[in-house]
Amino acid sequence: MSGPVAGVPLLDIARGNSPLREEFIEALAGVIDSGRFLFGPEVSELEREVARLSQVDHAIGCASGSDALLLALMALDIGPGDEVIVPSFTFFATVSCVTRLGATPVFADINPRTFNIDPAAIAAAITPATRAIIPVHLFGQCAEIDAICRLATQKDIAVVEDAAQAIGAAYHSRAAGSWGQIGCFSFYPTKNLGGMGDGGMLTATDASMAERLRLFAAHGMQPRYHHRVVGINSRLDTFQAAVLGVKMKHLSVAVAARQENAARYTEMFTDAGLDEAVVLPAVDPHAYHVWNQYAIRIEASQRDTLRQHLAADGIGSEVYYPIPVHAQACYASEPWSRVELPETERAAREILNLPIFPELTAEEQERVVASIGSFFAKQNRAAA
Ligand SMILES: *Cc1c(COP(=O)(O)O)cnc(C)c1O
């Protein structure tokens with residue numbers, strides 16, 4: 001082969017969407033012709049499908065994963081004086097829903113092997129003011145949700161699952177979003193079920209909770225122009241639901257491709273003798289992992305130079321997340337932000353996320369692994 005070696009993108013959304021172009025256009029044309037841009041039948045159909053996939057009786061569309069989290073806490077009536085236990089090694093929205101409502105986030109450190117919130121740290125953080133726990137199923141792998149739910153039940157605390165990255169994931173064969181009182185999903189384009197814009201979904205096992213979530217997502221209005229509670233306006237629109245309905249049909253194939261890619265990386269890194277230079281992602285034996293991210297760990301002093309080396313080879317990578325939420329500037333003056341979370345802080349310094357999207361080829365994965373191999377070979381030569 002001649003010519004420049006093509007790079008490997010972190011994510012190539014167009015590669016996944018282009019084979020479905022005709023299906024999307026047909027579905028979107030149907031919405032245009034119907035004129036039902038809100039509350040169209042595509043929305044309730046998607047709600048039914050997400051409910052089925054998530055093994056719950058109820059699913060409620062909303063405008064984003066961030067809104068799903070906010071609505072969950074609103075429906076649980078969480079506010080000033082209440083404490084909510086959250087991880088800090090997560091996307092901001094897991095925590096901002098708590099502070100938006102005037103409640104206090106209490107951070108629990110993570111298990112360094114899975115990056116997920118540690119049940120023992122949760123147990124240590126519970127106080128009489130604890131009203132809810134928000135475990136995040138990070139990177140597509142469930143947190144130890146059985147232990148978390150046991151703790152919560154004993155203390156009469158609600159569990160809101162942040163399953164934004166984990167649609168279709170499971171723990172002990174029970175779906176993400178079916179363990180807690182409420183599950184929160186995101187259809188942000190990079191998620192495993194990604195839309196063409198923003199979108200989100202709530203799941204609930206209890207019918208009256210589902211009704212409350214729907215009420216809060218519709219300005220607390222019932223019947224029309226009678227407002228029973230102060231809610232927000234948060235809807236999944238019909239265009240997004242139509243797009244997501246098309247993608248839903250292909251979700252299990254896409255997830256299987258992510259799982260194959262993850263297994264192939266692990267094999268390639270091991271075969272290349274790189275499984276000591278980098279820490280490969282650990283899979284909890286009870287988890288059905290859907291691999292929204294493939295996260296490796298690298299010694300902190302080398303992480304950013306490795307990223308530069310990959311970038312020079314045209315290989316995309318990302319750091320999810322470089323700054324834990326408790327260390328964000330907007331929370332600097334909050335007394336609750338002054339906590340020590342050694343595993344969270346170490347993960348933020350060491351983590352590196354590699355391309356794992358479903359259409360990634362084995363040949364592209366070879367290039368990623370070869371580039372990382374050449375980085376360490378160069379390091380070893382420099383050290384010699
Ligand atoms: C993406 C994400 C959210 C927020 O979802 P949006 O749809 O972007 O608002 C919340 N929590 C986690 C863990 C996420 O990854």
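**Ligand site, cavities and backbone geometry**

Biologist: Which classes of residue make up the shell around the ligand?

Modeller: This is a predicted model. In it, the shell around the ligand has seven nonpolar, eight polar and two charged residues.

Biologist: OK, and which of them come nearest?

Modeller: There are 17 residues around the ligand, and G65, S66, Q165, S186 and K191 come nearest.

Biologist: What sits 2.8 Å from a polar backbone atom of G65?

Modeller: An oxygen atom of the ligand does, at 2.8 Å from that backbone atom of G65. Side chains take part too. An N or O atom in the side chain of Q165 is 2.8 Å from an oxygen atom of the ligand. For D162, the side-chain N or O atom is 2.8 Å from a nitrogen atom of the ligand.

Biologist: How much of the ligand does the protein bury?

Modeller: The protein buries 93% of the 390 Å² that the ligand exposes when taken alone.

Biologist: Which helices each supply at least two residues of that shell?

Modeller: α4 (65–75) and α5 (93–100) each do. α4 gives the most, with three residues.

Biologist: Switching to cavities. How many are there of 30 Å³ or more?

Modeller: The count comes to two cavities of 30 Å³ or more.

Biologist: What lines the largest cavity?

Modeller: Its lining has 13 residues, and F115, F139, Q141, P281 and H289 lie nearest the centre of the cavity. By class, the lining of the largest cavity divides into eight nonpolar, four polar and one charged.

Biologist: Now backbone geometry. What kind of peptide bond joins Q222 and P223?

Modeller: The bond between Q222 and P223 is cis, with omega about -10°. P223 is in the loop between α8 (207–217) and α9 (238–249).

Biologist: And what about the bond that joins Y320 and Y321?

Modeller: A cis peptide bond joins Y320 and Y321 as well, with omega about 10°. Y321 is placed in the loop between α11 (300–312) and α12 (342–350).

Biologist: Last one, F39. What is its phi near?

Modeller: Phi of F39 is near 60°, which is a positive value in a residue other than glycine.

Biologist: Where is F39 placed?

Modeller: F39 is in the loop between α2 (21–34) and α3 (41–53).

Note on methods: Residues are numbered from 1 along each chain as its sequence is written. This is a predicted model: local features need pLDDT of at least 70, side-chain atom pairs count only at pLDDT 80 or more; totals for chains, interfaces and linings use all residues. Side-chain values use heavy atoms; hydrogens and water are left out. On a 1 Å grid over the protein atoms alone, a cavity is a set of points where a 1.4 Å probe fits but cannot get out, and a pocket is an open set with protein on both sides within 12 Å along at least five of seven lines; lining residues have an atom within 4 Å of a point. Grid points are joined across faces, edges and corners, and a volume is the space filled by probe spheres set on the points. Ala, Val, Leu, Ile, Met, Phe, Trp, Tyr, Cys and Pro count as nonpolar, Asp, Glu, Lys and Arg as charged, and the others, Gly among them, as polar. A residue is near a molecule or strand if one of its heavy atoms lies within 4 Å of it. A polar contact is a pair of N or O atoms within 3.5 Å; within protein, one must be able to donate a hydrogen and the other to accept it, and residues adjacent in sequence count only if both atoms are side-chain atoms. Accessible areas come from the Shrake-Rupley method with a 1.4 Å probe; for residues, only the protein chains shown count as cover. Helices (H or I, at least four residues) and strands (E, at least two) are DSSP runs, numbered from the N terminus.
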